[in-house]
Protein chains: 2
Amino acid sequence: MNRVHNFSAGPAALPDAVLERARADLPDWQGLGMSVMEVSHRGPDFMALAERTEASLRELLDVPENYRILFLAGGATLQFASVPLNLAPPGSGADYVVTGNWGRKAVSEASRYLNVNVAADSESTGYTTIPDPATWSVRDDAAYLHYTPNETVYGVEFHAIPDVSDAPLVADMSSTVMSRPIDVSRYGVIYAGAQKNLGAAGITLLVVRDDLTGRARGDTPGVVDYRLMAESGSMWNTPPTFCWYIMALVLDWLRDEGGLAVMAERNERKAGKLYSAIDASEFYDNPVDAACRSWMNVPFRLADPELDDVFLAEAEAARLTNLKGHRLAGGMRASIYNAMPESGIDALIDFMADFEDRRA
Amino acid sequence: MNRVHNFSAGPAALPDAVLERARADLPDWQGLGMSVMEVSHRGPDFMALAERTEASLRELLDVPENYRILFLAGGATLQFASVPLNLAPPGSGADYVVTGNWGRKAVSEASRYLNVNVAADSESTGYTTIPDPATWSVRDDAAYLHYTPNETVYGVEFHAIPDVSDAPLVADMSSTVMSRPIDVSRYGVIYAGAQKNLGAAGITLLVVRDDLTGRARGDTPGVVDYRLMAESGSMWNTPPTFCWYIMALVLDWLRDEGGLAVMAERNERKAGKLYSAIDASEFYDNPVDAACRSWMNVPFRLADPELDDVFLAEAEAARLTNLKGHRLAGGMRASIYNAMPESGIDALIDFMADFEDRRA
């Protein structure tokens, strides 16, 4: 293994143990004489894997019994459309809180289907803050309230669940799911693309409270109808089986590591170290309000943007890769999901200090 | 390698060469120090893979310049909804020809969005025939004409492209794509889930004529809007990157094997051998009209259905797996896509003859 420290925002680094297992399982999975890609999703071996995945998620995320766990295709972006199709009858409206790029995209897609009320938007601060929930203009008759607990581009994260509306709370947790324990019972729907903390791009986890299924509009494609998918064990059509399998391996790894409480402790420490290093320097800067800095995505800027390209090239040479910031934010970004080991953070901090010494 | 002959209808067997390559590429793809699952879809390495995939498809399938090639998530079943959303304005209608289970599902899903006219349906023959296209009740004002060139459950395949309507021809080629050369210019839209002849479940190939993009209804989810996806190189959102990569490996293998003309010759020979063995026996039977027997899925029944379970158990012991027929059709089914080598057909025929000798 000649692996780099990969700070990609997503698709993102996977645990070494997951990749080793996937390699060992090719081309003969469980002694079947076939790879996991080649078996029927309705056969006993894949069905056992599907059940194990759901049981692991239910245990790790502490999902209450009155919630269904779905495995869907199409990414979180398809859920931007599927959430209104499933939860909001034609002519109704929903509240959206925008604290970054993904929330804005969710609004744009939802607007095809319903009357979107932007209850709060932090664009005026360059998405460096989270507006106080007490100031959100939520509506009593909203079909739901949608927000994005972590925004990858600007590195802004909610560290508490907002409690300002009686409408079901819907969260795009793509970039924060499994990074800490959460109280699932506070939510109506949680969804997350897999390619940050749950595996490979191509499968989406969705957790939905029972009573929010069975309401889909007639023009909802069957593959994203929550009731149809719940009743068919997410096999109304052929699911993305290999991505499902990788998710199972990631969940095995999470259990082996000690679960979400351990992840939370580790993630808080990893992020804390990196923010401390940035804050202690005049050479690096992170503009985000300290109260809502992300544990998962740490954007930072160099005092002299002329040095950006040199920084990236030297980091690459030091086997620290994918540190370029999103084009909307510029600068650098270190995405440090669960799979990023603390040694990767230490290596980055050392490199940053060394670069500063030489270039400041 | 201790591989079986896998006759699964899908997800189906992959070429050994593809799995060996995938194994070799874990966990370090192209010397990047990352697996292909961990790189950004917008980075230069994945972009090069995406371009190579499209170029391979364009060459192998001989796709004309005025057609776009898209890589979509959600499986062919999502296209059952996406085709009407993209091609048919609200209030319009389309013609559907039903020659099996998948065509029927396509009708059911399309009915959410438009007025479906079933132009022909072979249910009265137990889906063992294809109605003469001259008898189809097509409509002059149909937005398109949809059919399923190969039906997996009953093993019925069109061996010529129907030419009975001026409406754009739309084909669900999930179980026949890449099995032979086709004249793409005769079609408006071709789509195919990958898990039979193009790789792993989780990605869908779609080939669409330029003038049929840009017509999507306002309530079309962005991830299946053909124009949006064409303009973004199928990266309007994060695509299923690993499945895309597996497709690229399958296409490499197809080129190495000599392309679709070679596949067609091989597939016709493989299927011909198996049908001949069935027809020569009083013990096995295939009910499908000889003019439309599938090259890809060969269902057969034992004269004595009481022996079905013994047949399956003994086949399994002989490392011939997944031969059980679909529950709608009963009996046996051998799915023999491109990746099934001729030696697998020979092994099955030998086993069938031996079983007959012992049990007849």
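**Notes on a predicted two-chain model**

1. Start with how the copies relate. The same surface serves both copies, as 100% of the contact residues of chain B recur in chain A; residues are in contact if their C-beta atoms, placed from the backbone, lie within 7 Å.

2. A word on ground rules. This is a predicted model, in which local features need pLDDT of at least 70 and side-chain atom pairs count only at pLDDT 80 or more, while totals for chains, interfaces and linings use all residues. Residues are numbered from 1 along each chain as its sequence is written, with chains lettered from A and ligands numbered from 1 in the order in which they are written.

3. Now the interface. Chain B puts 54 residues into the contact and chain A puts in 54 residues. On the chain B side, the elements giving two or more residues are α1 (16–24), α3 (75–87) and α6 (241–257). Helices (H or I, at least four residues) and strands (E, at least two) are DSSP runs, numbered from the N terminus. By class, that side of chain B has 25 nonpolar, 20 polar and nine charged residues. Here Ala, Val, Leu, Ile, Met, Phe, Trp, Tyr, Cys and Pro count as nonpolar, Asp, Glu, Lys and Arg as charged, and the others, Gly among them, as polar.

4. Chain A as a whole: it has nine helices and 14 strands. Its C-alpha atoms fill a box of roughly 60 × 55 × 30 Å along the principal axes. The radius of gyration of chain A is 21 Å, which agrees with the value near 21 Å for a compact globule of 360 residues (taken over C-alpha atoms; the globule rule is 2.2 Å times the number of residues to the power 0.38). Of the 360 residues, 53% count as buried, where buried takes 20 or more other C-beta atoms within 10 Å of a residue's own, exposed 12 or fewer, and partly exposed is in between, with C-beta atoms placed from the backbone. Among contacts in chain A between residues at least 6 apart in sequence, 69% join residues at least 24 apart.

5. On domains, chain A is assigned domain 1 (17–257) and domain 2 (258–359); the bounds come from an automatic or database domain assignment. Their centres, taken over C-alpha atoms, are separated by 27 Å. In the contact between them, 25 residues of domain 1 of chain A meet 26 residues of domain 2 of chain A. On the domain 1 side, β7 (156–157) and α6 (241–257) of chain A each give two or more residues, and the largest share, three residues, comes from α6(A). That side has nine nonpolar, eleven polar and five charged residues.

6. Have a look at β12 (residues 297–302) of chain A, where five of six residues are buried. Two bridges pair it in the antiparallel sense with β11 (residues 284–285) of chain A, and A:Y284 has A:L302 as its bridge partner. Four bridges join β12(A) to β14 (residues 332–335) of chain A, also antiparallel, with A:V298 opposite A:A334. Strands count as paired if DSSP finds at least two bridges between them. In chain B, three strands form an open antiparallel sheet in the order β11-β12-β14, and β11 (284–285) and β14 (332–335) are its edge strands.

7. A:A94 sits in β3 (residues 93–98) of chain A and counts as buried because 26 C-beta neighbours lie inside 10 Å. Leaving out residues up to four places away in sequence, its contacts include A:P84, A:L114, A:Y144 and A:H146.

8. Finally, some backbone spots to check by eye. Most residues other than glycine have a negative phi, and most peptide bonds are trans. A:L26 and A:P27 are joined by a cis peptide bond, omega about 0 degrees, and A:P27 is in the loop between α1 (16–24) and α2 (44–60) of chain A. A cis peptide bond also joins B:L26 and B:P27. A:Y127 has a positive phi, near 55 degrees, and A:M178 has one near 70 degrees. A:Y127 is buried, with 25 C-beta neighbours inside 10 Å; A:M178 is buried, with 25 other C-beta atoms within 10 Å.

Terms used. Contact = placed C-beta atoms within 7 Å.
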